[in-house]
Amino acid sequence: MADDFELDTDDLQRRMDGAIASLRTEFASLRTGRASASMLEPVMVDAYGSPTPINQVGTVNVPEPRMVTINVWDKALVGKVEKAIRESGLGINPQLNGTIIMLPIPELNEERRTQLTKVAGQYAEHARVAIRNLRRDGMDQIKKAKNDGLSEDDQKFWEQEVQELTDRYIKLVDQQLETKQAEIMQV
């Protein structure tokens with residue numbers, strides 16, 4: 001009955017890929033001293049009674065390396081977009097020019113760079129925890145199959161497969177973190 005057990009490693013791998021994709025999104029929102037449209041992704045505007053991403057209330061552009069502009073489509077929302085950016089904790093002071101909001105990106109000082117590397121480390125740790133939780137899910141499936149009659153050799157084989165997959169993804173998280181921290185500390 002359990003001799004035909006096969007762990008769905010593709011599903012585990014797909015879910016671990018999701019954890020990596022989430023990490024990349026979080027890293028993209030970290031300010032590195034260079035302008036990027038993705039840094040505004042976590043900012044939500046109270047538009048028409050519900051929280052809305054900035055890219056759904058205006059066009060976000062990066063005309064130069066240290067400037068992001070938002071061309072707000074509805075004049076009534078310009079103040080709300082400006083307020084959302086001020087309260088977002090990005091450390092950017094928006095400047096209004098009609099319906100266009102300009103966001104000059106200031107140079108990062110050493111203290112702020114250090115804080116951002118710590119935040120990046122926290123994001124990476126969240127990704128590692130998510131991957132470890134997926135490892136535990138896989139191991140639980142193997143234990144359940146063992147109780148249903150899976151042989152000990154097969155159990156060890158599948159446990160090793162799950163562990164190798166986990167190790168590979170943890171290493172990937174560490175590489176992403178190193179790259180992001182180097183990018184943040186770059187002057």
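At what angle do the axes of helix α1 and α3 cross, and within what distance do they come? They cross at roughly 170 degrees and come within 10 Å. The model is predicted: local features need pLDDT of at least 70, side-chain atom pairs count only at pLDDT 80 or more, and totals for chains, interfaces and linings use all residues. Residues are numbered from 1 along each chain as its sequence is written, and side-chain values use heavy atoms, leaving out hydrogens and water.

**View 1. Helix α1 (residues 9-28) against α3.** Helices (H or I, at least four residues) and strands (E, at least two) are DSSP runs, numbered from the N terminus. Axes are lines fitted to C-alpha atoms, for helices over the stretch in contact, and angles run from 0 to 180 degrees between N-to-C directions. Angles under 35 degrees count as roughly parallel, over 145 as roughly antiparallel, 65 to 115 as roughly perpendicular and the rest as oblique; α1 and α3 are therefore roughly antiparallel. On the α1 side the contact (heavy atoms within 4.5 Å) includes Leu12, Met16, Leu23 and Phe27, and on the α3 side it includes Tyr123, Ile131, Leu134 and Arg135. By class, this contact has 13 nonpolar, 1 polar and 4 charged residues. Here Ala, Val, Leu, Ile, Met, Phe, Trp, Tyr, Cys and Pro count as nonpolar, Asp, Glu, Lys and Arg as charged, and the others, Gly among them, as polar.

**View 2. Met16 in helix α1.** Met16 is buried at 0% relative accessibility; buried means under 20% relative accessible area, exposed over 50% and partly exposed in between (1.4 Å probe, protein chains only). Leaving aside neighbours within four places in sequence, Met16 is in contact with Ile131, Leu134, Arg135, Leu165, Thr166 and Tyr169.

**View 3. Helix α3 (residues 110-147) with helix α4 (residues 152-185).** The two helices pack at an angle of about 170 degrees, with axes 10 Å apart. That makes α3 roughly antiparallel to α4. The residues of their contact divide into 15 nonpolar, 7 polar and 10 charged.

**View 4. The buried residues of α4.** Among them are Trp158, Val162, Leu165, Tyr169, Val173, Leu177 and Ile184. The buried residues of α4 pack against α1 and α3. At 1.5 Å a residue, the 34 residues of α4 should span 50 Å, and its end C-alpha atoms are 49 Å apart, which agrees; the expected span is 1.5 Å times one less than the number of residues.

**View 5. The aromatic pair Phe157 and Trp158.** Rings of Phe, Tyr and Trp (its six-membered ring) pair if their centres lie within 6.5 Å; planes under 30 degrees apart count as stacked, over 60 as edge-to-face and the rest as tilted. By this rule the count comes to 1 aromatic pair. The ring centres of Phe157 and Trp158 are 5.0 Å apart and their planes lie at 75 degrees, so the pair is edge-to-face. Phe157 is partly exposed at 42% relative accessible area, whereas Trp158 is buried at 11%.

**View 6. Tyr48 in the loop between β1 (44-47) and β2 (50-53).** Tyr48 has a positive phi of about 55 degrees although it is not a glycine. Tyr48 is exposed, at 63% relative accessibility.
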